[in-house]
Amino acid sequence: MILQSVVDLVAICAKKGIQNAILSPGSRCAPLTLAFARHPQIHSRTISDERSAAFIALGMAQQLEEPVALACTSGSAALNYYPAVAEAFFQQIPLLILTADRPAEWIDQYDGQTIFQPDVYGKHVKGSFQLPDSTSNSDQLWHSSRIVNEAINLAKQFPAGPVHINIPLREPFYPEHDEKIEFPANPRVFNQEHYSVQLSEESLKRLSNRLQSFSKILIVAGQQYPNSALQAVLDQLSKEKKVVIITDTISNLQSEQTISLHDHWLGNSSLRQELEPELIISFGKSVISKSLKLFLRKTQASHWHVQEDGKAKDTFQRLSRTIPSSPSSFFNWLAITLKPQNQDFQNNWIDLEQKAKAALGKVFEITEFGEYSALAFCLSKTPLLSKIHVANSMAVRYLNLLGKRDQEVSCNRGTSGIDGSNSTAVGCTFTTKDTVTLITGDMAFFYDRNAFWHNYAIPNLRIILLNNHAGGIFRLIDGPKNQPELEEYFETKQKLTAQHLATEYGFFYSKVVNQEELEASLEDFYKDSLHPKILEIETSSPDNAEILKSVKGKIKLSLEN
């Protein structure tokens, strides 16, 4: 018979709105697996590779903005979750991590599949909990259900994030043949109301008075979900109050009113004086652009960061005030309160943005074929409703350099690692019927091949694979690019293509090496199909580095004229 606390745990999950579980096979976790698999309100999937499973769960929770349950057996299985757990923590994505464990008396006693699992994720979870290993009386059942409620509430509470429940389990793990699992109809739950921080009248008056001393305001949007209402008020601030709004591609707040091509000119020190703000107002999570961060760190501007919990985020080393408010509430107040700003300041930014946009289009017309121009062409064919998941390293940097995107963009920028990109995109496909476009480099792609090792159909997945047979970003970093060990120890040259993987998993596959082949392949790439599709763009790493250098040089020249 399955332990009653496990049955109650799954029932509580369902009642508190958790509708998806990602499970990995194992014996110790069998009670969890069976309870999730048999609950009528929870959609459970099994993914054998725990590292991939965790990123798939992350990809689902990233889209649903609700916790996804993740369950594995004892021992090193739990450690394979760690990269995705860290990513979820820094990207503020809710996960409910459930790890089966040996009872405490068997830990470190040469028994199989045992490690020290309590608190195994350290500071990379919002909270760690341990269920009692016995539920022989009603108080223990009450304690167990209380823990599960607290954990799920904590995962949802701002800022959202992963929580861990470690579950010691004793044999027997399996119910008798044909034994049914009886879920309680009304498990005991307690929910936590969402709170909204409201700035006091006194605080608003202080902010209003302080704003009078600034005439050049720069608003920086970090990574976040699309928000049409917030987009509207930011556009209003730009039009009416003449503030400058900078957006990375992962901010999902790009419009005709925002500055998105700043990476093309912020490295030019001669422009500093005319572009330097007096006040920086930031919100959201991380920004991609290193040029932007370096530029703002060298200014003399004050920096206000807006975040509901008011925690300090001093990205630009200029922090002077934290504002505990939702961005929507704060910017709606700002739109009413702020007086029109210095229009020359705004015009300086807009002029550079328009010049860079015009130059970028012309430059690609005369640029030789490479992954930069190829990706630009692919994006011109990507459907508006396609969700884009982009891998780290050069893929996300190319996307950012190419400017405004109308599609929703997600990227694992919590830790900015290359691991788990494929799996996160697969998780996204489980939540939508829309096309999901994964843009990835070869290192990230081949590193996460097990993302496709499962039995679930993902016909809406489209993969644009930039294969230069190396970690091409290292040719652009001053340190490694000048070392004789570059190719072997930094680029990690490899000869793989995706053809065999596509055959193994039943994907449609095409490889292109020039513009004519690319155009032909894209004609039906986004048409509906029964299987996912891979478009592999094969190029040379040294050539790509030279092309990027050439494009930057041509754009810089056009901006100076």
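The model is a predicted one, and side-chain atom pairs are counted only at pLDDT 80 or more. Lys511 forms a salt bridge with Glu538, and the closest N and O atoms of the two are 3.4 Å apart. Distant parts of the chain are linked by this pair, since Lys511 belongs to strand E16 (residues 508–512) and Glu538 to strand E17 (residues 533–538), 27 residues apart.

Because buried means under 20% relative accessible area, Lys387, at 16%, counts as buried. Glu408, at 21% relative accessibility, counts as partly exposed. A further salt bridge is formed by the side chains of Asp406 and Lys404, with an N to O distance of 2.3 Å. Here Asp406 is exposed, its relative accessible area being 52%, while Lys404 is partly exposed at 27%.

In helix H20 (residues 515–522), the residues Leu518, Ser521 and Leu522 are buried. Around the axis they cover an arc of only 95 degrees, and they are therefore on the same side of H20. The packing partners of the buried residues of H20 are helix H13 (371–381), E16 and E17. Thus the two strands that carry Lys511 and Glu538 are also among the elements against which the buried residues of H20 pack.

How many residues of helix H15 (residues 421–429) are buried? The number is nine of its nine residues, and the helix is mostly covered. These buried residues are Ser421, Asn422, Ser423, Thr424, Ala425, Val426, Gly427, Cys428 and Thr429. The elements that cover them include H3, E12, strand E14 (436–441), helix H16 (442–447) and strand E15 (461–467).

When residues up to four places away in sequence are left out, Phe446 touches Leu465, Asn467, Gln494, Leu496, Thr497 and Ala498. Phe446 and Leu466 are separated by 20 residues in sequence and by 11 Å in space, C-alpha to C-alpha. For another pair, Pro542 and Ala470, the separation in sequence is 72 residues and the C-alpha to C-alpha distance is 9.6 Å. Pro542 is located in helix H21 (residues 541–560), and its relative accessible area of 33% makes this residue partly exposed.

The empty spaces remain to be described. Rolling a probe the size of a water molecule over the atoms shows where empty space is left. The structure holds two cavities of 30 Å³ or more, and the largest cavity has about 100 Å³ of space. Its lining is made up of 14 residues, among which Gln62, Gln91, Gln223, Gln224 and Tyr225 lie nearest the centre. Helix H3 (50–64) and E13 each contribute at least two residues to this lining. By residue class, the lining of the largest cavity consists of five nonpolar, seven polar and two charged residues.

The second largest pocket has about 980 Å³ of space. This pocket is lined by 32 residues, with Glu65, Phe158, Ala160, Tyr225 and Glu308 nearest its centre. Two or more lining residues come from helix H6 (138–156) and from helix H11 (327–337). H6 gives the most, namely three residues. The lining of the second largest pocket divides into 12 nonpolar, 13 polar and seven charged residues. Tyr225 is named among the residues nearest the centre both for the largest cavity and for the second largest pocket.

Key: Residues numbered from 1 in each chain as written. Predicted model: local features only at pLDDT ≥ 70, side-chain atom pairs only at ≥ 80, totals over all residues. Heavy atoms only, no water. 1 Å grid on protein atoms, 1.4 Å probe; cavity = no way out; pocket = protein on both sides within 12 Å on 5 of 7 lines; lining within 4 Å. Points joined across faces, edges and corners; volume = space filled by probe spheres on them. Helix = DSSP H or I, 4+ residues; strand = E, 2+ residues; numbered from the N terminus. Nonpolar A, V, L, I, M, F, W, Y, C, P; charged D, E, K, R; others polar. Buried < 20%, exposed > 50% of the residue type's maximum accessible area, 1.4 Å probe, protein only. Salt bridge = Lys/Arg side-chain N within 4 Å of Asp/Glu carboxyl O. Arc of directions from axis to C-beta. Contact = heavy atoms within 4.5 Å.
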